[in-house]
Amino acid sequence: MSGKFKFPKNFYWGAATSAHQVEGNNHNDWTEWEKGNAKYKVKNAKFKKWPSHILNPPAGGPNPLQEKNYISGQASDHYNRFHEDFDIAKSLSLNAYRFSIEWSRIEPEEGEFNEQEIIHYKEVVKALQDRGIEPFITLWHVTLPRWFTRRGGWLHNEAEKTFLRFTKRIINEFKNDVSFWIIYNEPETFSRHGYFIGDRPPQEKNFIKSYRVLKELSQIYVKTYRLIKKLAPQLQVGFSEGLVYFEPYNKLPHNVLMMKFIERWRNNPFLERFINNSDFIGLQYYFHSRIRFNPFVSKWGFQFNENKNVNDLRWEIYPEGIYQILKDLKRYNKPIYITENGLADAQDTKRAAFIKDHLKWVNLAIQEGVNVKGYFHWSLLDNFEWNEGFWPRFGLTEIDYKTMERRIRPSAHAYRKIIQELTKN
Ligand code: BGC
């Protein structure tokens, strides 16, 4: 493989997580919302056909028919076991790790900062540095403090002020130790699921509102970016967005037009505002979508993918898409970090090929002049996959949810081998 692959010398080889998905024992808007979601999902899960490996998950973990599957609880207990987890990351030859700081821990009540939690994250950063692993911190990854959402979340007139205050505190605490900052994780996904589809908190179904939230987020983002650069101009600051590779079903103009229309909305209508105020682009790639517009059939305007290869969540595996998106992002002339890319694969039969195939396309993009500087696999550990709960297994490392024992999956060793081959002199 190394004969064909040529990655830049100082490339970041990483894995990613987020606080609520792995830490355990959080108290935020999600922990409140999960309880209702658990009841609703269990009721609906009964009517679905589930493959037997999902109903009988590894190490007796929860399955989609159980309420506990949807309650984050102790999650992967990463909050207490981060040393062990970073030993795993090091043993896999990773030199970067992306994680998020949980705002509700740092500021559990408005304006009251918890010093102990700041110390905790300092220990996390130190544990990474001791192992030669570069920390990439996300300031906001999906979950929010309860006091913030109860009074109206991002649409409240104090949202900007409070997020900037939180940011200022964190940056001042960490600016000498952490160079890479991702202000938001997937703002478009947040506003679409929470305010339009309504399958995540605050569970609204209002297109206009989802647009307003995203617009507001983009404006607060710009101010946050400027604030960080003022506090510490040396830091590398950006955002992460989940971009879909869209194709028209064929070249007929109505399919092309429909595709362009959906692409504009789905790939964040404010994308340029984010990109114009960032030192790098954080790309998260999971989806490909072939759009066909036919008003006379019930599935008008929706995707007609071939789905030859899918993951446990039935998302199509389409490695070429990452190349197409990277080529498209080249015009912005900014460094790109692939801050997430991964799959739910409980049996670990597809992950090794998934990683290799995606890296093959990333490599091609690099050869064609795209400035890609890092790849973070999602995820280092099995974790709490939002409204789907624990059953989708995204980890390079399997978690036994009864004992919290960690087992490195074979695909993680395949990833390690690729990294080792590419980084040996
Ligand atoms: C999110 C992660 C999530 C992953 C898989 C990304 O959109 O940032 O939190 O677990 O996708 O769904």
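Let's start with a single side chain: Tyr318 is partly exposed, with a relative accessible area of 21%. Keep in mind as you look that this is a predicted model. The cut-off for calling a residue buried is under 20% relative accessible area, so at 21% Tyr318 counts as partly exposed.

Now find the partner of Tyr318. The ring of Tyr318 pairs with that of Tyr245 in a stacked arrangement, with 6.3 Å from centre to centre and 25° between the planes. This pair links distant parts of the chain, since its two members are 73 residues apart. Tyr245 belongs to strand S6 (residues 245–248), while Tyr318 is in the loop between strand S8 (288–291) and helix H13 (320–329). Tyr245 has a relative accessible area of 13%, so this residue counts as buried.

A search of the whole structure turns up 56 of them. One of these joins Phe11 and Trp13, whose rings are tilted, with 55° between the planes and 4.6 Å between the centres. Phe11 counts as buried because its relative accessibility is 2%. Trp13 is also at 2% relative accessibility and therefore buried.

Aromatic rings take part in another kind of arrangement here, with a charged group over the face. If you turn to Phe174, you will see the charged end of Lys122 sitting over its ring, 5.9 Å from the centre. At Phe304, Arg292 lies over the face of the ring, at 5.1 Å from the ring centre.

From here, let's move to the ligand. Around the ligand you will find Gln21, His141, Asn185, Glu186, Gln284, Tyr286, Trp315, Glu340, Trp378, Glu385, Trp386 and Phe394.

His141 has a polar side-chain atom 2.9 Å from a ligand oxygen, and for Glu186 the distance from a polar side-chain atom to an oxygen of the ligand is 2.9 Å. How much of the ligand's surface does the protein bury? Taken alone, the ligand exposes 320 Å², and the protein buries 92% of that.

Terms used: Residues numbered from 1 in each chain as written. Predicted model: local features only at pLDDT ≥ 70, side-chain atom pairs only at ≥ 80, totals over all residues. Heavy atoms only, no water. Near = heavy atom within 4 Å. Polar contact = N/O pair within 3.5 Å; in protein donor to acceptor, adjacent residues only side chain to side chain. Areas by Shrake-Rupley, 256 points an atom, 1.4 Å probe, with all protein chains shown as cover. Phe/Tyr/Trp six-rings, centres within 6.5 Å; stacked < 30°, edge-to-face > 60°. Buried < 20%, exposed > 50% of the residue type's maximum accessible area, 1.4 Å probe, protein only. Helix = DSSP H or I, 4+ residues; strand = E, 2+ residues; numbered from the N terminus. Lys NZ or Arg CZ within 6 Å of the ring centre and 35° of its normal.
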